[in-house]
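The sequence and the coordinates are shown first, and the discussion follows.

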Protein chains: 2
Amino acid sequence: MKKNSNPIGVFDSGVGGLTVVKEIMRQIPNENLVYFGDTARVPYGNKSTTTIIKYTRQIIRFLDTHDVKAIVVACNTMSACSLEEVEKELKVPIIGVVKPGAKAAVERTKNHKIGVIATQSTINSRMYERFIQCIDPKISVYGKACPLFVPLVEEGLWDDSVTYEIASRYLDELQKKDIDALILGCTHYPLLKHTIAKVVGENINLVNPAYETSRELKHLLEEMDLINEEPLQDHSEQYRFYVSDVEEKFRSFAETIFADVNPYVAKNLITKQVDIERY
Amino acid sequence: MKKNSNPIGVFDSGVGGLTVVKEIMRQIPNENLVYFGDTARVPYGNKSTTTIIKYTRQIIRFLDTHDVKAIVVACNTMSACSLEEVEKELKVPIIGVVKPGAKAAVERTKNHKIGVIATQSTINSRMYERFIQCIDPKISVYGKACPLFVPLVEEGLWDDSVTYEIASRYLDELQKKDIDALILGCTHYPLLKHTIAKVVGENINLVNPAYETSRELKHLLEEMDLINEEPLQDHSEQYRFYVSDVEEKFRSFAETIFADVNPYVAKNLITKQVDIERY
């Protein structure tokens with residue numbers, strides 16, 4: 001039996017999942033949290049499903065050692081390719097970013113045409129399509145893999161003529177389908193939202209699954225009576241971050257991400273390297 | 001004591017090292033060869049040195065099980081970041097692509113100014129600079145990391161306006177240094193050589209370390225009396241390829257690479273997936 005003060009486990013292929021952590025900090029600020037980012041083996045977007053499942057199992061075994069009360073898969077690729085396989089093996093609730101993202105897009109579309117941009121593996125899984133059509137089979141879903149978006153984000157070209165040109169090429173076929181909602185189906189993509197908005201114009205609603213996922217997590221914890229309502233006495237170990245590669249690069253990214261929402265955490269990050277292959 | 005018919009072990013972070021294998025096929029066609037490509041954990045170019053060394057050791061332990069007589073590190077990042085650390089632990093000779101690439105560039109420069117383009121980790125290691133200045137301390141070496149080149153190659157944009165624009169930005173500062181030789185310090189980069197040549201013009205000599213490396217391998221085997229001079233009776237298992245992710249994607253890339261140099265191998269590829277984390 002898990003206690004309400006047990007941590008939530010959140011994981012991602014790298015640093016992108018920190019955008020989900022940021023939303024959790026905002027929406028349910030009394031929760032303890034353990035994060036794992038697979039910074040040594042990132043990116044996952046072109047790996048096979050077999051490998052993605054294997055890596056996901058290792059990460060869940062690691063989070064298990066922290067006695068987590070619930071798990072959030074803050075990575076679209078793993079949510080789409082391995083969540084379904086691993087959830088039946090678990091004793092704690094697990095949620096991914098795909099289902100909440102799909103739900104939010106269904107709420108926003110008016111013409112029943114939704115676009116999804118994501119990694120190649122996420123698009124191949126057709127998981128967004130499946131969840132959307134479970135809710136409303138009349139909705140058409142159009143997917144497009146955008147393999148250059150992650151490297152462009154990591155090069156810092158968030159608002160650049162090259163990124164605009166690449167985005168125009170990627171999004172052209174979705175625009176021709178007359179979509180009115182577009183799911184940013186990779187945690188890196190919201191960082192390109194200004195460029196994407198410039199390309200697609202005002203009439204296409206951009207959906208960021210990170211926000212919806214932490215809302216869904218809150219509901220889930222409430223339903224299961226697992227939410228931590230008592231304010232923490234000691235905040236010093238509330239958020240703990242683990243990575244598979246060295247900590248330095250992760251630290252500087254996390255500091256930037258958390259600077260506005262939680263300056264205390266940003267300045268006092270607890271990060272540690274883990275040999276994930278042992279799990 | 002190794003026999004001359006023992007295989008050569010060649011490894012890379014993924015598929016790029018096949019360009020080195022192709023040169024070996026051409027230059028020393030009687031050799032048996034075992035290749036390992038770490039397709040599950042690719043790319044290595046932004047990983048820390050600690051992680052690169054750990055992964056290199058695992059790969060070498062795997063190649064050891066095939067009783068290889070010599071090892072070729074067909075990956076610039078590993079040649080630059082982990083070769084020096086692991087070579088002292090080995091009983092067989094090992095060569096990387098950096099030293100031969102450096103040597104070739106020294107032979108080609110006339111004005112003593114060499115540029116190096118490579119991954120971030122290779123540039124950080126300053127290994128090309130070190131080898132070049134060991135040969136001739138008067139040579140100035142200018143390095144530039146080009147993190148978008150690998151994803152651009154993998155997107156197939158080998159000869160594209162976007163690649164031209166990105167290459168112009170990356171190469172601008174090297175051109176201002178008045179270099180007359182440019183090392184393509186990542187196995188993916190030779191695939192962009194037409195675009196790079198268009199950007200830098202005719203006066204800069206492009207150096208591809210893959211060619212030089214297999215020449216150096218041949219010399220090394222001759223010196224150590226380890227070259228396999230007798231034509232093989234049975235070619236069916238001459239080249240064996242192992243990968244850490246599923247084989248399919250690797251197969252199609254390898255088939256394309258080998259189609260002209262060795263159609264028999266291209267059509268009869270022996271590929272197998274390996275759980276590299278166990279080594």
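What order do the strands of the open sheet of 4 strands in chain B have?

## The four-stranded sheet of chain B

The order is β6-β5-β7-β8 (chain B), and the pairing is parallel; strands (E, at least two residues) and helices (H or I, at least four) are DSSP runs numbered from the N terminus, and two strands pair if DSSP finds at least two bridges between them. The edges are held by β6 (140-145) and β8 (205-207) of chain B, each with a single partner strand, so one side of each lacks a neighbour in the sheet. Direction ignored, neighbouring strands of this sheet are turned by 20° against each other on average.

Strand β7 (residues 181-185) of chain B runs parallel to β8(B) and is joined to β8(B) by 3 bridges. Within this pair, B:I183 has B:V207 of β8(B) as its bridge partner. Helix α7 (residues 127-135) of chain B packs on the sheet, where it touches β5 (113-118), β6 and β7 of chain B. The direction of α7 makes about 165° with that of β6(B); axes are lines fitted to C-alpha atoms, for helices over the stretch in contact, and angles run from 0 to 180 degrees between N-to-C directions.

## Basis of the model

The model is predicted: local features need pLDDT of at least 70, side-chain atom pairs count only at pLDDT 80 or more, and totals for chains, interfaces and linings use all residues. Residues are numbered from 1 along each chain as its sequence is written, while chains are lettered from A and ligands numbered from 1 in the order in which they are written.

## The six-stranded sheet of chain A

In chain A, 6 strands form an open sheet with parallel pairing, in the order β4-β3-β1-β2-β9-β10. β4 (94-96) and β10 (270-273) of chain A are the edge strands; each has a single partner strand, so one side of each is left without a neighbour in the sheet.

Strands β1 (residues 8-12) and β2 (residues 33-37) of chain A pair in the parallel sense over 5 bridges, and A:F36 in β2(A) is the bridge partner of A:F11. Helix α1(A) packs on the sheet and touches β1, β2 and β3 (70-73) of chain A, its direction making about 170° with that of β2(A). Helix α12 (residues 247-258) of chain A also packs on the sheet, touching β2, β9 (239-243) and β10 of chain A.

## Packing of α1 and α11 in chain A

Helices α1 (residues 18-27) and α11 (residues 209-223) of chain A pack at an angle of about 45°, with their axes 8 Å apart. That angle makes α1(A) oblique to α11(A), the term for angles that are not under 35 degrees (roughly parallel), over 145 (roughly antiparallel) or 65 to 115 (roughly perpendicular).

## An exposed loop residue in chain A

A:N203 lies in the loop between α10 (193-200) and β8 (205-207) of chain A. A:N203 is exposed because 10 other C-beta atoms lie within 10 Å, and a residue counts as exposed at 12 or fewer, buried at 20 or more and partly exposed in between, with C-beta atoms placed from the backbone. A:N203 and A:I179 are 24 residues apart in sequence, and their C-alpha atoms are 9.0 Å apart in space.

How values were computed
Two residues are in contact if their C-beta atoms, placed from the backbone, lie within 7 Å.
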